[in-house]
Amino acid sequence: MYLSYPFSAGSDPCLRARNNAGRYRCACFFVLLCLLLARPVYAYEPPAHILFGGDLAYPPLEWMEQNQIMGFNVDLARVVARIGGSKAVHRLGSWPETMRALEEGRLDVVPMYYSQERSRHFIFTQPYLYSSHAIYALPTAARVSSIRDLVNKTVAVEEQSFAHQQFQGAALEPDLVLTANTLLALEAVLQGKAHYAVLASLAADNLLRQQHWELTRMGPPFWSRGYAFAVNKNQPEVAQWLEDSLGMAIANGSYQALYQKWQSDLEPVRADNRWLPFFFTGFAVLLAALLFGASWYWSLKRRVEQRTRELSAALAQREIAEQELRRAINFDAQTGLAKLPYFIEQLDDYFHANQRPVKQEKEILVIKLVDLDVIVRTFGFTRAEMVVSAFTTHLLKLDNTLAAYLGRGVFALFINKCNALELFERLSSAMAVSDPGLNSQFVGGSAYWPEHGRSAGKLMRHAETALAMSELRRRRWLAYEAAMEPSRVDLDIISIFIDGNVQGIYPVFQPQLDLRTGKIVSAEVLVRWQHPRLGLVPPNVFIPLLENAGLIEQVTAQMIDEAVRVAVLLRKRDLPCCISVNIAAYDLIESNLADIISQALVRYQGVPGDIKLELTETSVASDPQRVKKVLTQLSELGIYASVDDFGTGYSSLSYLSLFPIRELKIDRSFVGDMLGNPRNHSIVRSTILMARELGLVTIAEGVEDDQTLQILKKDGCDIAQGYVIARPLPEAEFIEFMRAHAAEVFDISQFMKG
Ligand code: C2E
Ligand code: CA
Ligand code: CA
């Protein structure tokens, strides 16, 4: 037998190539070694029996003697199977039949020489033995020194053996005598049927020794090959299991013990050169050790490869998971749009890259679907989600837009500076066409880059401030202004009201004309504040501040008080006039409005018809349940409500009609320019029609000229309020106005003349 170190220069080029390919992993080899030994790599549960095949007469590797199957391969298979938790069952036969059985799956495993050709049909484990081939002949035969000399000679080989396959692939093939096993090949030479036999020397030498046949080896050994377990191609799990078990056998010393047991048979029994046994015995031990080391290395290499595969699969999975995680962190799940931190990050990148010169001014536009809460309360969450999704779809259709969703119906767009109101119109119309059922009201606020700041965080804050102001001032959209920031004056105002005992608050009254009768039937009380230090502070300045700070209640209570007092005074002079008081959302929800009104009525001996309430759409929608309860309670007392600024809010008339409401005040932004703006005129007209359908009284406010007054009358509007009738008047002037117009019916045509 000839043993060689598997990775020496003389080894199989194929194995050497694999070895080279594996070398780069050597650095991590020892690190992974610990991991590999620490945990089982392969969790395969083998079947109870594994069918091993082999040659009937192939000693010392496998053979049958007195019905006993024995041999190094057989013992090794048993040891390896046991280590792997299974049992080896052997079936020996002729070699060609054994090969066929393995190929067809009637056998699981057959030990054999590794060859590239064979690896196309079977899966090989690591080699556990190295051995070579030799030429055998009668001592009288013509001497040959290599297989090249066998051309035109008759050569016995075992059918389907490694040698057979080597000859088949060779350019010059000798005349082959095929036999069913090694013994028959030797016999063929002995009987003169073949001149030579080319056989695996390990088995041939053993057989010659057993049979005492005087055949001799010719030339040096050649075709040194690894001997390994070949597994049926369809059973990769078995191959892996076997590989691992063999590795374990090598690692735990079982293989070594077995090798020692078979050493005398595995080592050469004779050689043509007399010095060889002596030489070899010395080196055999060394080479066996090398074999052991090589096998150990091979086993670990395979495991490292396997573990590397596992680790790269785990790495790839981790990368996917990280990507998903990044997506979940950066993008909103419902809309798929960026979340705020990622949006800011992208914007800052852009600003950083486009610092100077600024070629294109940019805009952060924050848009809020203002009626989303109402939609949730009225139609449910699913409907609100559909509205958000539909709106997202339209945002995504905008060119050159980076969009983010900040939650609760608020979106942020990064766009070229543009006319936001025009953009709103486009979005509204697109929504109305594609999703008429999901239409929603929206307001916005913008901040411009670089005008309002050079960092995304700052611009975002400014855009949000502008949005908040739009809501507060009931405007559809506003661009940021420094004046929007809370000023020292604002804080001053709030602290004055917090301290209480506010000086200089007084009411003014603005008459309302009944267009049907031409009489002044009602008025609106409006607050005025003349502060000793701050001067005359407009209600548009301090009212929103007080509303926000939850301090409006004292103003409301004072105005209710004044309204009842003046209405009672007028009624007593036979000038009946219902005075309407502006009520903030906070008053409806937080304060006890009914008590405040009742107390005022008691104080001045008023009757419920002396006052009415004006509430904005937004305050109605802020807490519909509570508002409905308060309004019902008040209407049971005989106190009625109007919806102020109708058209600027986000509620539909049909939604508002669910509340006990008697009047609609059409906002002055529609009325003021309705003659010059057909769109506004048609809004006014259709509101009047719809209100009438619902049995509501309509009041047009902000009527500034007599022509508008005429047309409103023609359009069927019930009541008008505005400078054309009277400006808001201090108490004395108002009472005088009422007295002066008490007797006469307003002839509306007089305004035409005037
Ligand atoms: P508002 O309730 O819509 O009040 C009507 C506003 O329109 C008043 O402004 C009034 O002076 C003005 N106005 C009346 N006729 C005309 C007209 O023909 N043309 C124009 N351009 N304007 C007209 P004012 O008094 O400055 O009040 C502004 C806002 O302040 C009010 O709007 C209301 O929202 C709030 N406000 C005023 N008084 C009170 C109050 O006592 N309580 C509460 N909560 N809010 C009040
Ligand atoms: Ca009002
Ligand atoms: Ca109003």
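This is a predicted model: local features need pLDDT of at least 70, side-chain atom pairs count only at pLDDT 80 or more; totals for chains, interfaces and linings use all residues.

1. In helix α14, the residues Val 387, Ala 390, Phe 391, His 394 and Leu 395 meet Leu 427, Ala 430, Met 431 and Ser 434 of α15; contact here means heavy atoms within 4.5 Å. Helices (H or I, at least four residues) and strands (E, at least two) are DSSP runs, numbered from the N terminus. The axes of α14 (residues 381-396) and α15 (residues 420-434) come within 10 Å and cross at roughly 120 degrees, which makes α14 oblique to α15. Angles under 35 degrees count as roughly parallel, over 145 as roughly antiparallel, 65 to 115 as roughly perpendicular and the rest as oblique. The axes are lines fitted to C-alpha atoms, for helices over the stretch in contact, and the angles run from 0 to 180 degrees between N-to-C directions. The crossing of α14 and α15 is right-handed; that term applies if the near helix is turned clockwise from the far one by less than a right angle, and left-handed if anticlockwise.

2. Residues are numbered from 1 along each chain as its sequence is written, chains are lettered from A and ligands numbered from 1 in the order in which they are written, and side-chain values use heavy atoms, with hydrogens and water left out.

3. The crossing of α19 and α21 is right-handed. On the α19 side the contacting residues include Ile 560, Val 564 and Val 568, and on the α21 side they include Ile 596, Ile 597 and Leu 601.

4. An open sheet of 5 strands has the order β14-β15-β13-β16-β17, with mixed pairing; two strands pair if DSSP finds at least two bridges between them. The edge strands are β14 (402-407) and β17 (477-479), each with a single partner strand, so one side of each has no neighbour in the sheet. From one strand to the next the twist averages 20 degrees. Strands β13 (residues 362-369) and β15 (residues 410-416) run antiparallel and are joined by 7 bridges, and Ile 367 has Phe 411 in β15 as its bridge partner. Helix α16 (residues 456-472) lies across β13, β14, β15, β16 (442-449) and β17, at about 145 degrees to β16.

5. Another open sheet, of 3 strands, has the order β2-β3-β4 with antiparallel pairing. Its edges are β2 (57-58) and β4 (68-70); each has a single partner strand, so one side of each is left without a neighbour in the sheet. Strand β2 is joined to β3 (residues 62-65) by 2 bridges, and Tyr 58 stands opposite Glu 62 in β3.

6. Which protein donors hold the calcium ion (ligand 2)? They are Glu 524 (OE), Asn 582 (OD1), Glu 614 (OE) and Asp 644 (OD), at 2.2 to 2.3 Å. Donors are N, O and S atoms within 2.8 Å of the metal (3.2 Å for Na, K and Ca); water is not among the atoms, so sites may look incomplete. In sequence the spacing of these donor residues is E-x57-N-x31-E-x29-D. Asn 582 in strand β21 (residues 578-583) and Asp 644 in strand β23 (residues 641-646) are 62 residues apart, and this pair links distant parts of the chain. Asn 582 is partly exposed at 28% relative accessibility, whereas Asp 644 is buried at 6%. Buried means under 20% relative accessible area, exposed over 50%, and partly exposed in between (1.4 Å probe, protein chains only).

7. Asp 644 in β23 and Glu 701 in β25 are 57 residues apart and link distant parts of the chain. Glu 701 is buried, with a relative accessible area of 6%.

8. Strand β24 (residues 663-666) is joined to β23 by 3 bridges in a parallel arrangement, and Val 643 stands opposite Leu 664. Strand β24 is also joined to β25 (residues 697-701) by 4 bridges, again running parallel, with Lys 665 opposite Ile 699. Both faces of β24 are covered: Glu 663 and Lys 665 on one side, and Leu 664 and Ile 666 on the other, are all buried.
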